[in-house]
Amino acid sequence: MVLSIFIPDSILCEESTLREKTIKLGFIARACSIFRVGKIYVYTEERGAYERDYYVIKSILEYAETPQYLRKHLFSKSEVFRDVGILPPLKTPHHKPYITLDELKVGDLREGVLVKKGGSLFVDVGLSSLVKFEGPGSEGERLTVLVTKVGSSLSCRRAFAHEIDTYWGYKVIRVGPLGKVLKSSFSGLKIVTSRLGVPINEKFDALVNAVVKSDNIALIFGSPRKGVYDILKEEGLKPEDVSDFTLNFVPEQGTSTIRSEEAIIISLGIVNLILKVFASKR
């Protein structure tokens, strides 16, 4: 099952400093990792208006998702990373701790980057030695590898998708206007989150039935200044035109507003509850 979220490129519009933006994105990265989000779609709210913020969103979310030992290979020095020291560690399964070569076992999975040495390909997997790579690949490529031999003949190969049986991080994907993407490019269960939506308690049974039957679920969020209703209205659409549910996940909220990052963790938590409690009973 793939769980995704859609967020606008304007999600940082109320944060005035890079430090504030980094803090918010760190919270979003943690929320997505806690609830095993596989894809973060960043849609265009207003063409050309938030390109700088999109660069920050993509850079910081991808940096947070990357194991620490690979960051030197994959990210060049940039002002956008000035405050990454305040990012909370994700501690996801693919963020492997350092171990000695003697502790490495055949079948272990690790995230790595291909490097060339003496005309041959090796993988940096964050250990004291590079690991010989078996198979085709390109220098600088990030990939998941499976250890095939240990000891003096230490080597690995590219892991197949079916061999990765645990949560392995998220991808950040740039897409166009929300309505267009939802109507033409995304097939799966689409759930719009909105204060103007139907209270979740009124549609809970229907939501449970839909969630447990779906293998591709997306939660759609608006921006701090403009909800999904208003964003879609600019495309001549309504939420019901592009989604299966439009829900208020916090009926009778006790605050005047709910921040984007708060809405993300609340909604993901409820979907996770449905998946773990109700799906297991069917």
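Author: A salt bridge, as the term is used here, is a side-chain nitrogen of Lys or Arg within 4 Å of a carboxyl oxygen of Asp or Glu, and by this rule the count comes to 15 salt bridges. The model is a predicted one, in which local features need pLDDT of at least 70 and side-chain atom pairs count only at pLDDT 80 or more, while totals for chains, interfaces and linings use all residues. Residues are numbered from 1 along each chain as its sequence is written, and side-chain values use heavy atoms, with hydrogens and water left out.

Reader: What makes Lys21 and Asp53 a salt bridge?

Author: Their side chains meet with N to O at 3.1 Å, and the rule asks for a nitrogen of Lys or Arg within 4 Å of a carboxyl oxygen of Asp or Glu, so the pair qualifies. The two residues link distant parts of the chain, Lys21 in helix α1 and Asp53 in helix α2 (residues 51-65), 32 residues apart; helices here are DSSP runs (H or I) of at least four residues, numbered from the N terminus.

Reader: Why is Lys21 called buried?

Author: Lys21 has a relative accessible area of 12%, and buried means under 20%, exposed over 50% and partly exposed in between, with a 1.4 Å probe and protein chains only, so the word applies. Asp53, at 10% relative accessibility, counts as buried too.

Reader: Is Glu62 buried, partly exposed or exposed, and why?

Author: Because its relative accessible area is 24%, Glu62 is partly exposed. Lys58, at 27% relative accessibility, also counts as partly exposed. Glu62 forms a salt bridge with Lys58, the closest N and O atoms being 2.6 Å apart, and both residues lie in helix α2, 4 residues apart, about one turn of the helix.

Reader: How do you know that Thr22 is buried?

Author: Thr22 has a relative accessible area of 0%, and therefore counts as buried. This residue is found in helix α1 (residues 18-34), and, leaving aside neighbours within four places in sequence, Thr22 is in contact with Ile60, Asp83, Val84, Ile86 and Leu87, where contact means heavy atoms within 4.5 Å.

Reader: Which salt bridge do Arg142 and Glu65 form, and what is its N to O distance?

Author: The side chains of Arg142 and Glu65 meet at 2.9 Å, N to O. The protein chain is divided into domain 1 (2-90 + 175-279) and domain 2 (101-163), with bounds that come from an automatic or database domain assignment, and the count between domain 1 and domain 2 is 2 salt bridges.
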